[in-house]
Amino acid sequence: MPPGVCRLLVWMVTSLSFFTSINTDRDCDVTFASTTTRTGKFYSPQWPLKYPDNKRCIYKFVGLTTERVKIRFSKFNLQGMSPECKFDFIDVYIQLTSINDPLLEAPMLGRFCGDNMQDDLPQLIISTKNIILIIFFSDSDKGDEGFEASFEFIDANIYNIGTPVSPGICSYLISSQERSKGAILSPTYPGTYPDDLRCIYELRGSPGERIKLTFNDFSIFHGDDYCPFDYVIIKDGRPSMFPETIGVFCGKYDNITLFSSREFLYIEFVTRSGRVSFDETSLDNVADYKFDRRGFNISYEFSSKLIRFDIKKSPEATHVTGTECDVRIRSKGGSSGTIDSPGYPIFPRDTICRFYLDGEMNAGRLEKVKISFKDFVISGELPSCLEGSLGVTLEGHRRPDVINERFCGVLWPPNLTSKDPRMILNFNTNKATSARFMVDYQFLSDYGIPGRTIPGHEGECMFLFTSDDNSSGSFNSPRHPENYPPNIECVYIFQLRTNEKLLISFDSFSLGPERTPELKSPECLDTRDFLQLNERDNIQLGEGKYLMKARYCDLFPAPILAERELEWRFRSMQNSSSQGFLARYEFVAKEDIQKGCGNLIRSDGKGGVLKSPRFPLKYESRTYCEWKIVASKPHNKILIQLETFKTEGDMKTKGCKDAVLRIQKGRDMREICGTIEGDDLSKQAVESRDDTAILQFLTSANVLGFKGFQLTWTEIHVSVGACYGFKCKVTGFCISMDLRCNGLPNCGAGDNSDEVCTEKAGSRGSKEDNVQVIHIVIGTSISVFLAVLLLVCGVYHRKKFRPRDRDSPEGENVEVRYVAATSGSNTTDRLLTMDKPETRRSTIHAADQTELNDSMEISVNNKTEKGTQPDKNIHGNGQNDLRDNHTRTSNDHHPSTSTHAHTYPRQVPTPKVQKISIV
């Protein structure tokens, strides 16, 4: 059942009970008339004791027709809970026109109970006429303290606003011919106004007059920003002429001043019942009286001295409805014109006028405004401008209350351009003795991008950034942080000097509709909004050509370090819009980049290790490192492989917003970020396309700092022939043998063969490695066996050809000499043995002895005989000499006497020479 119907039934039952009891119990009925007393107090029965049960009392207040009744409660405590009031309560009637009006048909201000005067009871009650009726009711259950209140009869002339007109009890016609100024009060101001009112106030002035309204006090129930329950609406003009609405007001206001543009003004006050606040969590327990509904007090004035002007110089200019002299100029798409001060060259005194220059700001176009002065004089001196001034707000859309520039004196201000679509001129003549201005304005295309327009492309979304303009700054999508317009393309070009590099990082990035993580992709199709990065390439593509490096749509762009001219190209599709992006740039000298990390590494053919700054501690913000690794030979390559990696970001879902490791592969740069562990580390291996690898590690200003990374770099030896180092089993890379078993990955993705060591083959080696070890063991065993066999054969041959003279008392002296064969010999190696048996001796002539000594060295008991000479040609032709000596001595088996005068009496043994060939 609707709440209104329930409330009506309860009221009817209560009223019937009241009328039944009032005929039998009239001991607490009281009537107060202004003819007997103008002020006083009244109480609940038996006050200050608890009121009795089953009581029905009527309090009547009757004044003269020129009076109103005012009641204020000082104490109030009735059993029950507002707004239901099922037990004890009072009913208040303030809209009776006669004491005999039937109560069943009379509107009731409300039913009140409880003990919270602030929330459950009106603070002040004033009648709409000269009568108030209050009925007190208590049930058969326990009572409470009751109430104490005061009453007063007041003069009603302040409510005689003008000539009463229909409809209702509060509609008036206010004419300047009757009153040039006055006040408009709500029907029960400052008491709580009743429900279901509709009051109309129509103000009519004489031709040439304007009307000024001032809100002295205003307190209307505020249910929501759009005032759905109670409100005051003010319109500029006559109701029959479809006037423009100045405003709709509810809530609380003070010191607001409004003006009509002509001599007519229309005000309407509307109230409703069943008020609730949409800000409250529970609607059932919200009473009307928690909000001070005292109404309004608005003063008015008809005057012909108010500024009255016609705007003729600019067809785009219109008077701002409700203001005295404010002007709004709306662009019609690149339009221009002239505006001047009100009444130019005469000026209004003690006045503040505002001029709003509004450029276009719609789905397809964004503008800014530029002004240039044609005349300017305002008395006063800079910078104080105490007499008057012209204040200029350059960001009227974002910060309308901030005045960026203020001018006075006789010097013309410079040309000014707004920073967003709105510029506001504040013309103040508070104490000025002279004041006037005239300006030309022009609306220009503006995309809210802080860059210099590329020459020859004025009005287009094309901007140039150089260190000559700003060494650092920002660039963004059109209108950021507002949504960019659909179907637009913007170009951002960054030009670098030869000794500069460019650092770029993104603060925000959101293109197109939000997509779930599983739908996000690094691939950006032409059917989606995207931001594309191009790099200047005069060598490969020709002068003025750009090569696409990356395209972003879902994933956050990583920080960028560039040394060539860059072009960013932003494109939005038809009927697509989002917040866009905001990025920061900085031009930095090349020598400043390498401070703290990064360098040029020239490989020695092996490899090495690279770490992020402060690894394994957290890296810091604004870190820019670049390593350039050059192989030892031009045809070799560089392999990069991660060992430990933990940075901010996620390559699949978020992108590398704040930290990135970028590895160049040819003309492409591979971006790596996030946490990579286990087998995924080897999957990130990157092989350079030539002899040079470039790595960059960049962090933005917003990083939190993670552990960072450690990686290995390895030189891959590229050759047509065999690998003279270590050949990786899976990837087939040829690397330095020194990298084997160094505890670091050097063979690439999925290949750890370089870390399989012999001493650990049982635990770490693969099947192929075990076979290789077995082959080595077998080969070694065979070699040892052959060596032993060779030794046995040598001993056997020596014994076989040894002379059998066992009767000799002297030991044999044997010399064994290794003689290299000559090139013409059929044998490779020979053993030469010389035996000296005691039973055979011969006398050798001196010449022969000398010849023998020259060709042989005889060792006896491992000692060289005195007078002998070592063989100088033991490995050359000396073998032939030895062979000749052997022939001569072997044929001389008996002693011989020399025919010369001098002979050597010494006898030497005749050696026995045996030759043993070893094949």
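Author: F32 and F42 are both buried in this predicted model. Aromatic pairs number 54 in the structure, and F32 with F42 is a tilted one, with 6.2 Å from centre to centre and 45° between the planes. This pair connects distant parts of the chain: F32 belongs to strand β1 (residues 30-33) and F42 to strand β2 (residues 39-43), and the two are 10 residues apart.

A stacked pair is formed by F465 and F494, whose centres lie 4.7 Å apart with 15° between the planes. Here too, distant parts of the chain are linked, since F465 lies in strand β32 (residues 462-465) and F494 in strand β34 (residues 489-494), 29 residues apart. Both F465 and F494 are buried.

F785 contributes, together with I778, I782, L786 and L789, to a nonpolar surface patch of about 500 Å². Of these residues, L786 lies in helix α6 (residues 767-800). L786 counts as partly exposed because its relative accessibility is 48%, which falls between the limits of 20% for buried and 50% for exposed.

An open sheet of 4 strands has the order β33-β40-β35-β38, with antiparallel pairing. Its edge strands, β33 (472-476) and β38 (560-562), each pair on one side only, and the twist from one strand to the next averages 25°. Strand β33 is joined to β40 (residues 580-589) by 5 bridges, the two running antiparallel. Within this pairing, G473 has Y585 of β40 as its bridge partner.

Technical notes:
Residues numbered from 1 in each chain as written. Predicted model: local features only at pLDDT ≥ 70, side-chain atom pairs only at ≥ 80, totals over all residues. Heavy atoms only, no water. Patch = residues over 30% accessible without salt bridge, like charges linked within 9 Å, V, L, I, M, F, W, Y side chains within 5 Å. Areas by Shrake-Rupley, 256 points an atom, 1.4 Å probe, with all protein chains shown as cover. Salt bridge = Lys/Arg side-chain N within 4 Å of Asp/Glu carboxyl O. Buried < 20%, exposed > 50% of the residue type's maximum accessible area, 1.4 Å probe, protein only. Pairing = 2+ DSSP bridges. Axes fitted to C-alpha atoms, helices over the stretch in contact; angles between N-to-C directions. Phe/Tyr/Trp six-rings, centres within 6.5 Å; stacked < 30°, edge-to-face > 60°.
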